[in-house]
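Please read the following explanation with the sequence and the coordinates at hand.

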Amino acid sequence: MRRHYFLGLAAGFARDERIAHTFKIGRKEDLKELERYLLRRYGGEKAILAKNGRSALALVLKAYFDKGDKILVNGFTCYAVYEAVKAAKLEPVFVDISLDDLNFSEEALKKVADEKVKGIIVQNTLGNPVDIAKIESFAEERGLIIIEDLAHCAGVRYADGREAGTVGAAAALSFGKDKSIDTISGGAAVLRYPYKNLIEAPKLRPKLSDHLRARLYPTFGVMCRALSYVHLGGVFIRLLVKVHWVEKSADNELDLRRRPSKFEARLALMQIKGLRRVGERPLRDFYFVDDRKRTLEELARIGYYFGGFWYEKPVSPERYYDKVHFPEKDCKNAVYASEHIVNVPNYYKKKDLAPALRVIEEHKEETV
Ligand SMILES: *Cc1c(COP(=O)(O)O)cnc(C)c1O
């Protein structure tokens, strides 16, 4: 039986791309080219490459908001977003989600927006687009600035055909592991119309280990897959985590001063140009199950390890949750989702996933 839990490593690359990349020379020009591409694709005025998605988001927030401003944040999210908001010295206001798409609705926004709120981060959770027309008219009515967080949704289209990242004042991209563009780390800010505060682009050189990691990432993906046939893929990936080759994505530290590596830029460019799923499929498909622990155990028994599903707390991972002081009372759906959700990344082939979906089907929650 084949073990499935490591398939995500460098899933976004074709096999020949993976190997070839490792032997290419890193060029400064790759960074410039990525910046130019992002500006063309998203129609921005300034692109800034960053160490990771949260640093990019923090830079965006600093550019458009002032210290102490409140900002509306999806109530089902990653600790990275909270960190970015805090790094920009803003106050997050968590908004409850709808269980249909894991996004906040216009009604939910209305409930919590007061006059100190100056902006909205639109996240398009797991690649499910928000009802952007409604959010836009709400933002306009209240004079709020929309920021698009593309970590889950690069390449996704809204119902009216516009691409995520082209609507708000600015967009932040993450190139972190398992995100819609996955080069293992890195991120970018795309700023559009006049912003309030000047921000400094990161200047510090990436560490040698960052270069190496991004250089070898796709090849390690190939090795992992090969080893999976002899049941050693899991051992290999655990080893990579242990020696910090693969950082657990939640632990990728926010750093506004460090640039990404040239290799990350090259990989990001490769992926974003070839984004397979423009408007097609979300990043992950989600289901609600009655007893998640049992469901996951049964999945593990047949070789599927979905330990890294999004999210096990309204602001995940669990080990940082207490820091957030999440308003559970006001975000009941988010709490429900965090207790019952399982989700699976879309890099699986349908055929490979079928046995897992049968298990999930048996446990599906009736009431939702
Ligand atoms: C992962 C993530 C980010 C940024 O991630 P980095 O790990 O800092 O690249 C931003 N927003 C959301 C919703 C995410 O899940």
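His 325 is found in the loop between α11 and α12 (332-340), and in this predicted model the residue has a positive phi of about 50° although it is not a glycine. A second residue of this kind is Asp 178, which lies in the loop between β7 (170-174) and β8 (187-191); Asp 178 is likewise not a glycine, yet its phi is positive, at about 75°.

Pro 317 belongs to the loop between β10 and α11 (318-324). Another cis peptide bond joins Trp 310 and Tyr 311, where omega is about -5°, and Tyr 311 has its place in the loop between α10 (292-301) and β10 (315-316).

We turn now to the sheet. It is an open one, formed by 7 strands in the order β1-β8-β7-β6-β5-β2-β4, and the pairing is mixed. At its edges stand β1 (46-50) and β4 (91-95), and because each of these has a single partner strand, one side of each is left without a neighbour in the sheet. From one strand to the next, the twist averages 20°.

Within this order, strand β2 (residues 70-74) pairs with strand β5 (residues 117-122) in the parallel sense, over 3 bridges, and Lys 70 stands opposite Val 117 in β5. Helix α4 (residues 79-87) packs on the sheet, where it touches β2, β4, β5 and β6 (145-149), and its direction makes about 145° with that of β4. Helix α6 (residues 132-142) also packs on the sheet, touching β2, β5 and β6, with a direction that makes about 165° with that of β5.

The size of an interface is often given as the accessible area lost when the parts come together. Between domain 1 and domain 2 the buried area is about 2,000 Å², of which carbon and sulfur atoms give 68%. On the side of domain 1, the residues that lose the most area to domain 2 are Phe 76, Tyr 79 and Leu 126, which together account for 33% of what that side buries.

Which polar interactions, and how many, cross the interface of domain 1 and domain 2? The rule finds 10 residue pairs in polar contact there, both residues at pLDDT 80 or more, whereas the number of salt bridges found across the interface of domain 1 and domain 2 is 0.

Side chains of opposite charge can pair when their charged atoms come close. A search of the whole structure finds 22 salt bridges, and one that can be followed in detail is formed by Lys 273 with Glu 33, whose closest N and O atoms are 3.7 Å apart. This pair links distant parts of the chain, with Lys 273 in helix α9 (residues 262-273) and Glu 33 in helix α2 (residues 28-42), 240 residues apart.

Key:
Residues are numbered from 1 along each chain as its sequence is written. This is a predicted model: local features need pLDDT of at least 70, side-chain atom pairs count only at pLDDT 80 or more; totals for chains, interfaces and linings use all residues. Side-chain values use heavy atoms; hydrogens and water are left out. Two strands pair if DSSP finds at least two bridges between them. Helices (H or I, at least four residues) and strands (E, at least two) are DSSP runs, numbered from the N terminus. Axes are lines fitted to C-alpha atoms, for helices over the stretch in contact, and angles run from 0 to 180 degrees between N-to-C directions. Contact means heavy atoms within 4.5 Å. Buried area is the accessible area (1.4 Å probe) that two parts lose on being put together, summed over both. A salt bridge is a side-chain nitrogen of Lys or Arg within 4 Å of a carboxyl oxygen of Asp or Glu. A polar contact is a pair of N or O atoms within 3.5 Å; within protein, one must be able to donate a hydrogen and the other to accept it, and residues adjacent in sequence count only if both atoms are side-chain atoms.
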